[in-house]
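Please look at the structure below with this report beside you.

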Amino acid sequence: MHAVVCVKQVPEQNSVKINSDTTIDASGITPIINLFDEYAIEEALQWAEKNDGKVTVISLGPDDATDSLKKALAMGANEAILINDDSLGQVGAQGAAKVVAAAIQKLGDVNIVFCGKQSTDDETGQFGPALARFLGWPQLTYVFKVHELTDSQIVVDRALEDTLETVEASLPVVITAVKDLNEPRYPSLLKIRKVSKQPIPTWTLSDLGLSADSLGGTINIAKRTPPPPRPSGEILSGDVQTQVKELVQKLIESQIL
Amino acid sequence: MAHGVWVLIEHKNGEIAPITKELLGKGKELADGLGQSLAGLVLGSNVSGLVEQARAAGAGNVYVVDDAALASYTTDGYVAAAKAAIEAHQPEVLLTGSSLQMRDFTGALAAELGTGLAPDVTGVSIEGGAVQAVRPSHGANVINALTFGSERPMIVSVRRQVGQPLDAAGSGETINVAMPQTEIRTKVRNVEQRTGAVNLADAMVIVSGGRGMGSPENYEKLIPELARVLGGTHGASRAIVDAGWVPYERQVGQTGKTVAPKLYMACGISGAIQHLAGMRSSNTIVAINKDPEAPIFKVATYGIVGDVNDVLPALTEEVKAKTGR
């Protein structure tokens, strides 16, 4: 079994600024592995261990995304690949999926891909499904439990809003992980030191046989703004009974009750 | 030439979904703005009864792919059916809800068609003759206005309460589209109701508790009951989910659910940035907290500075007295 985990490096806090050209300024905020991707890494490691397989982590991002790849290596992944190209700075979820699909095809022998259900910065939830389509593989999204995974078959529970769906599929397959799928391990200091010198190859678009103009345009960001300030609120006064009566009265007047 | 604003007619147990009625209202507004017609797309098995329901809710033409392969949702089945209908009839826009199943569907469909997707939007409108969608990202710290390239259809998955149901029925034809030969590569073995499942995204009123509740017993005693008399459901902050007081399904915030109910009541929640990310677009926010400096008061419509263990029982009684619930 050769599992790939797609890892996105995101800002730890979302208190980002917006540049005048609509790009996001996350300077000064610690970059981390997208929360949901940590569950994807852990799940891939556990099943690769059981199936005597290997795990390759791939990230599309700037040079410093190697920090997240190193952490994944320290957690136990075997190989890491950074995809970095000047023309990918503003690539959308669909374009990114096309690029990563090309990288997975270049690796050749991959039979399962784990992703987080979405990133905590862009939050589109679109990458996993798009990746599966570009690979021509089935997808199992919002996976909450993996019951069984062999070189040929997988059985999972998908956690939807109010139902749990048990689904099976043949490999190759793309799965996306929700929070609490497992408990991601912490890399030991020893492992962190061990992988610090491990080379991480960087692939560019031309390494993947792609050109920038095949990757975008279906969605454009016309404008980005901070959220509108909420109208200033009102702190109620008086004793508890007075405050409670006034609140209920206000909720009735505004037809909420 | 593309034509028509289509709404995917979502259904469960033979009834069309509330989100679909809202989207037909939104779809009508977009269709009028574009000078086009409003149509429904029904995918399912034995769905003839849904055509009349869709029309009663405002759809004109209704496109139908009715096939046993669509009896339960699968990505492959739905994508193949929608693709066949879209390629035959060339809609300009396709609107769906933004449930997880619809996020699964639209992400795959957009990639399959090579067209643009605006996911999980809080607004969609015609600006200067073109469709523009609005969606928050970065934990609601960034509001993105999205426009589409030249590919059609433009696919938009829309949250609850963005559109208003229509009063008037539509009229038009029913157009059947044959289900294409498709290999469905996933097999649904079983679907079960989640124990303690909560659909926070659809709730009109949410009462959430946090650390300030003091103990899991206080939460359990006070929060669900207040939620019940307000006609809503209950949620929680990350702090008390991580502490094991309340299951993850109820977590509101950046790594939990994003909600925008008519009324959000934050009880003993200080208002960490990651919690605000999940609820700040709620219509009316009530905050109850001991600490007058708590950040939650900055987003609150109404605030009560006080101990939740005093305020909540009184509030529950007052709501009961006024509403008879």
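## Terms and numbering

Two strands are said to pair if DSSP finds at least two bridges between them, and both helices (H or I, at least four residues) and strands (E, at least two) are DSSP runs numbered from the N terminus. This is a predicted model, in which local features need pLDDT of at least 70 and side-chain atom pairs count only at pLDDT 80 or more, while totals for chains, interfaces and linings use all residues. Residues are numbered from 1 along each chain as its sequence is written, and chains are lettered from A and ligands numbered from 1 in the order in which they are written.

## Hairpins in chain A

Strand β9 (residues 139-149) of chain A pairs with β10(A) in the antiparallel sense over 5 bridges, and the two form a hairpin with 3 residues between them. Within this pairing, A:Glu148 has A:Val155 of β10(A) as its bridge partner.

Strand β10(A) is also joined by 7 bridges to the antiparallel strand β11 (residues 163-170) of chain A, where A:Ile154 stands opposite A:Ala169, and 3 residues link β10(A) to β11(A) in a hairpin. Strand β10 (residues 153-159) of chain A is mostly covered, with 5 of its 7 residues buried (20 or more other C-beta atoms, placed from the backbone, lie within 10 Å of the residue's own).

## A sheet with strands from both chains

How values were computed
Buried ≥ 20, exposed ≤ 12 C-beta atoms within 10 Å, placed from the backbone.
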